[in-house]
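Please open the model in the viewer and keep the sequence panel at hand.

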Protein chains: 2
Amino acid sequence: MSTPATSHVDPLFVPIFGESIELLRKVLLTKDAQPFVVAGSGTLGWDMMVNLIERDDEVLVVNTGYFGDHFGECLEVYGAKVTHLRAPIGSRPSLEDLEQVLTGKKYKMVTVTHVDTSTGVLADIKGVAKVVKSISPETIVVVDGVCSVGSEEIRFDEWNIDVVITASQKALGVPPGLGIVVTSQHAMQIFKSRKTPVASYYSNWNKWLPIMNAYEARKPAYFATPAVQLIYALHTSLKQITAQSMDSRFEQHHQVSQKFKNAITELGLKQLAVSDEVAANGMTAIWLPDGVQVSDIVPSLAAKGVQIAGGLHKECAAKYFRIGHMGISVTEPQRGHIDKVIESLATTLKELKSKA
Amino acid sequence: MSTPATSHVDPLFVPIFGESIELLRKVLLTKDAQPFVVAGSGTLGWDMMVNLIERDDEVLVVNTGYFGDHFGECLEVYGAKVTHLRAPIGSRPSLEDLEQVLTGKKYKMVTVTHVDTSTGVLADIKGVAKVVKSISPETIVVVDGVCSVGSEEIRFDEWNIDVVITASQKALGVPPGLGIVVTSQHAMQIFKSRKTPVASYYSNWNKWLPIMNAYEARKPAYFATPAVQLIYALHTSLKQITAQSMDSRFEQHHQVSQKFKNAITELGLKQLAVSDEVAANGMTAIWLPDGVQVSDIVPSLAAKGVQIAGGLHKECAAKYFRIGHMGISVTEPQRGHIDKVIESLATTLKELKSKA
């Protein structure tokens, strides 16, 4: 990212942006889906669903926590009628429940949070897409992959996914500031045949599509100034990610996740995720042991150089904490990140228990 | 910006964001206006006017080019009825014309592009605000300051401005990727008393106001992940800008602009701006001499290490070029930017003429 400030029409920058768009297809294992890379956050990716929603469209949110709730709220702003299919904290709605709901009513869109950052629960997006498409092939399957792209298995074309929303700052390993949306040609057709105008200016794909097409054709274009330095960083990271096969990247994340989860089990800790099957590979949400507070454990680990997060789910935020294990912490084991976190966590728990 | 990746809730980052919000008030010479700093571009600032617009609200755009046209288009997406008060290329609508239009109809909002980047025309925002407020004190005066904040005189409170929209990448001297909006308490009251819900999710101030308030109180909060590294860069730049008085900064930009404009006049070149009074201090738009093309002059200067831009106004884009002179190029004369640009331009013109 430490590149000199250059114009977004600079001949050096244009191919960087263009190639980043192409590389996103490789990361998501898709031939012809359309990437959008826009200055903003992951939340802006939700906002871009305004392009696929018209007033009174029915949407089903396969909900595993905080992010499902808020994605649904976003869609309602744009006129969608949102139904939530929920599950208890730490688990996910079953495919049988999904099938039943889909049989009862026709939905234009089904959304699913791949990894709910608030609980560390992993959705079965392959299964969800299969169920949806078998009952209603035209329904748009939207995956919120903010906390999953780059760390969890996603096979966009093979699994019949229509939209993946993500952001720069998680397993793509880039500082925050880019909202990224990748859209199937099926969804682009639905977008192009909408009957009412898109209810947003900044999120409007009619504005962004010519820009993405231009940069991919190695020509500059202007709607809003792109975040040049962040796109340089994205380009570097996407080159690193695609230097190995995505299969081997998925496997690395799985291995490290298993190692980490075994280690916390040995420390006597319990995950929010109720089983291995529903646990994310890029992060772990962990119940606090009795007598330990978020306000103790976070600073104690920070003092050891380890940054973790408190809880986020509104029903139990004070009762758990979250640790990420993704990106270079996984793919560059020589950094020793994972071992350091495990050791520091063990020491911190010992210290806090001896104080209690 | 080259700070290690930190979380947006990191105790080191929280005061950086909080102080940046406070420093923006100093730059704009306002005591109590409300800044919003959001991952996005300057265009997102336009989008945020959705907070002040309800369906069928009347808006007057004091139009000096490309950016007035598109700002108007953005407001129409959110239901505004937009009237454009236009002027020929290179000039600006007179205050007399403005007065006449305002006397004929009541407008909820008047927008004015402070510096239209497409033409280098400077609006008289002090005069515009004075005319608007004298006829209709409740009308919201919105200044598009993307190409003016940090290089042109703006006295937010004294001049009775309600909204200034800007972005990180111009005279604030930060890489692109932050949309910035500063809003008067008068406009915040109008926002708070609106009758219909805000028609946007990502741009909704009901979401962002608690975040800005929290960070200013040195507490973290979450709606969407902030662009942490860009905010570090913004903080550094705002500290540098406010280390001197804004008056002296305005004067420096005026001096350098005069020097630059005198130099191009001596080279036999003519500005788009029809008089000194309507010419921006942070940039100059210049008609191409006969026989010289944009496609000749841009690469010739690039080869000398000088990056300039072609035309942007749809009616005459191929006939002119634009040169920025703002920020550190002005306040740090030891860099020699301005002299280098003048010399390179003189050499390039000589080369191109000898070829012709």
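What distance separates the centres of domain 1 of chain A and domain 2 of chain A, taken over C-alpha atoms? The separation is 26 Å. This is a predicted model, in which local features need pLDDT of at least 70 and side-chain atom pairs count only at pLDDT 80 or more, while totals for chains, interfaces and linings use all residues. Residues are numbered from 1 along each chain as its sequence is written, chains are lettered from A and ligands numbered from 1 in the order in which they are written, and side-chain values use heavy atoms, with hydrogens and water left out.

**The two domains of chain A**

Select residues 13-242 of chain A for domain 1 and 246-351 for domain 2; these bounds come from an automatic or database domain assignment. Their contact (heavy atoms within 4.5 Å) draws 29 residues from domain 1 of chain A and 25 residues from domain 2 of chain A. Together the two domains bury about 2200 Å², with 62% of it on carbon and sulfur atoms; buried area is the accessible area (1.4 Å probe) that two parts lose on being put together, summed over both.

Two salt bridges are found across this domain interface, a salt bridge being a side-chain nitrogen of Lys or Arg within 4 Å of a carboxyl oxygen of Asp or Glu. Next, select A:Asp247 and A:Arg155: they form a salt bridge whose closest N and O atoms are 2.4 Å apart.

**The two copies**

**An aromatic cluster**

Finally, select A:Trp46, A:Tyr66, A:Phe67, A:Phe71, B:Tyr201, B:Tyr202, B:Trp208, B:Tyr222 and B:Phe223, which form one aromatic cluster. Rings of Phe, Tyr and Trp (its six-membered ring) pair if their centres lie within 6.5 Å; planes under 30 degrees apart count as stacked, over 60 as edge-to-face and the rest as tilted. B:Trp208 is buried, at 4% relative accessible area, and B:Phe223 is buried at 8% (buried means under 20%, exposed over 50%, partly exposed in between; 1.4 Å probe, protein chains only). These two residues form an edge-to-face pair, 5.0 Å centre to centre with 90° between the planes.
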